[in-house]
Amino acid sequence: MIYTVTFNPAIDYIIGVEDLKPGMTNRSVYERLLPGGKGLNVSTVLNNLGVDNIALGFIAGFTGEEIKRRFEALGGRSDFIELREGTSRINVKIKSAAETEINAAGPVIDSGAVSQLMEKLSRLRDGDILILAGSIPASLPDSLYSDIMKMLSDRNILITVDAEKELLLNALPYRPFLVKPNHHELGEIFGVTLNTREEVVPYARRLQEKGAKNVLVSMAGEGAVLAAETGLVLMNQAPRGTVRNSVGAGDSMVAGFIAGWCEKRDYAHAFKLGLSSGSASTFSDFLATKTEIEQVYRSFTSLC
């Protein structure tokens, strides 16, 4: 079974504005509410690809109930922990000539709730896949992802980590199956600026030296790079298309990669499906459907 964990789920309140004017009254041309958060985005795209999974995480208050309702209405399976206090986030995504995001802080997660999550995760078995995605609230330690991985280190569980800075670095000694920074995040780790796919490769290798088995680096319009544990390096530019949305593109790439790996146990196929999924979501108003992903997948002629 595949499990995703989202520590800080949200309702994404998406508002379309023809010409956003800061400091002025603006009127929307469309609005939509979606369950959000990196892990939930991964789960949604996995669901769209027909890959069964269960979403774990924390919800609180009336917004938490709405996150759960909307996620399950989209076909998702969840096993959320309900917090006693606070409310889950509402993140505002304004789509205009440029995209503007306002992300809320979210509720405090107490030690008892964390213990409940750890107990759920302790039931994972050999062969399961765990995806730890996104930031964690300030009330929790940067060691939390590595704490989870340490607890599960005696089992053959493929763990993916999609996080920034210390959350990611602390996880590397526990040999995650996959890490997925973007090129800006990778550059920040090593204090460099990375602009091309070729520049990314040696720094992806350095993450492998620190413990990551496979490193998948998303690069927006530049495409992506995969440094695989076999020594294989794959890179490709993004397919051409009209960019309509950047929210969830990296999460879609993670979902596509894991779906592709589960399907064929082949890194080239997993990379291609990951890049197709991420690109398809950028070409869509929302997270990509299976049909949209397959259309992009077929457009590839070869991989470098």
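Mentor: Start with classes: Ala, Val, Leu, Ile, Met, Phe, Trp, Tyr, Cys and Pro count as nonpolar, Asp, Glu, Lys and Arg as charged, and the others, Gly among them, as polar. Keep in mind that this is a predicted model.

Trainee: Which residues have the most contacts inside the largest nonpolar core?

Mentor: That core has 49 residues. A second, separate core of 36 residues includes Ile129, Leu234, Val254 and Ala259. In the largest core, the residues with the most contacts are Phe7, Leu130, Leu132 and Val161.

Trainee: Which residues lie nearest the centre of the largest pocket?

Mentor: The largest pocket has a volume of about 1200 Å³. Helices H1, H6, H8 and H9 are among the elements that each supply at least two residues of its lining, and so are strands E6 and E7. By class, the lining has 15 nonpolar, 22 polar and eleven charged residues. Of the 48 lining residues, those nearest the centre are Lys38, Ser246, Gly248, Ala249 and Gly250.

Trainee: How do the residues of the lining of the second largest pocket divide, and what is the count for each class?

Mentor: This second pocket holds about 330 Å³ of space. Strands E2, E3 and E6 and helix H1 each supply at least two lining residues. The lining has 19 residues, with Leu34, Thr44, Leu74, Phe286 and Leu287 nearest the centre. They divide into seven nonpolar, six polar and six charged.

Trainee: Lys93 is in strand E6. Is Lys93 buried or exposed?

Mentor: Look at its surroundings, not counting residues up to four places away in sequence: Lys93 touches Asp12, Tyr13, Ile14, Ile15, Thr100, Glu101, Asn103 and Val247. Its relative accessible area is 7%. The cut-off for buried is under 20%, so Lys93 is buried.

Trainee: What covers the buried residues of H6?

Mentor: In H6, the buried residues are His183, Glu185, Leu186, Gly187 and Phe190. At the start of H6, a side-chain oxygen of Asn182 reaches to within 3.0 Å of the backbone nitrogen of His184. After the helix comes Gly191, with a positive phi near 70°. The cover over the buried residues includes helix H7 and strand E11.

Trainee: Arg205 is in helix H7. With which side chain does the side chain of Arg205 make a polar contact?

Mentor: Arg205 has a relative accessible area of 25%, so it counts as partly exposed. Not counting residues up to four places away in sequence, Arg205 touches Ala227, Ala228, Gly231, Leu232 and Val233. Its C-alpha atom is 9.6 Å from that of Glu229, 24 residues apart along the chain. The polar contact, at 2.8 Å, is with the side chain of Gln208.

Notes: Residues are numbered from 1 along each chain as its sequence is written. This is a predicted model: local features need pLDDT of at least 70, side-chain atom pairs count only at pLDDT 80 or more; totals for chains, interfaces and linings use all residues. Side-chain values use heavy atoms; hydrogens and water are left out. Helices (H or I, at least four residues) and strands (E, at least two) are DSSP runs, numbered from the N terminus. Buried means under 20% relative accessible area, exposed over 50%, partly exposed in between (1.4 Å probe, protein chains only). Contact means heavy atoms within 4.5 Å. A polar contact is a pair of N or O atoms within 3.5 Å; within protein, one must be able to donate a hydrogen and the other to accept it, and residues adjacent in sequence count only if both atoms are side-chain atoms. A nonpolar core is a set of buried Ala, Val, Leu, Ile, Met, Phe, Trp, Tyr and Cys residues joined through side-chain atoms within 4.5 Å. On a 1 Å grid over the protein atoms alone, a cavity is a set of points where a 1.4 Å probe fits but cannot get out, and a pocket is an open set with protein on both sides within 12 Å along at least five of seven lines; lining residues have an atom within 4 Å of a point. Grid points are joined across faces, edges and corners, and a volume is the space filled by probe spheres set on the points.
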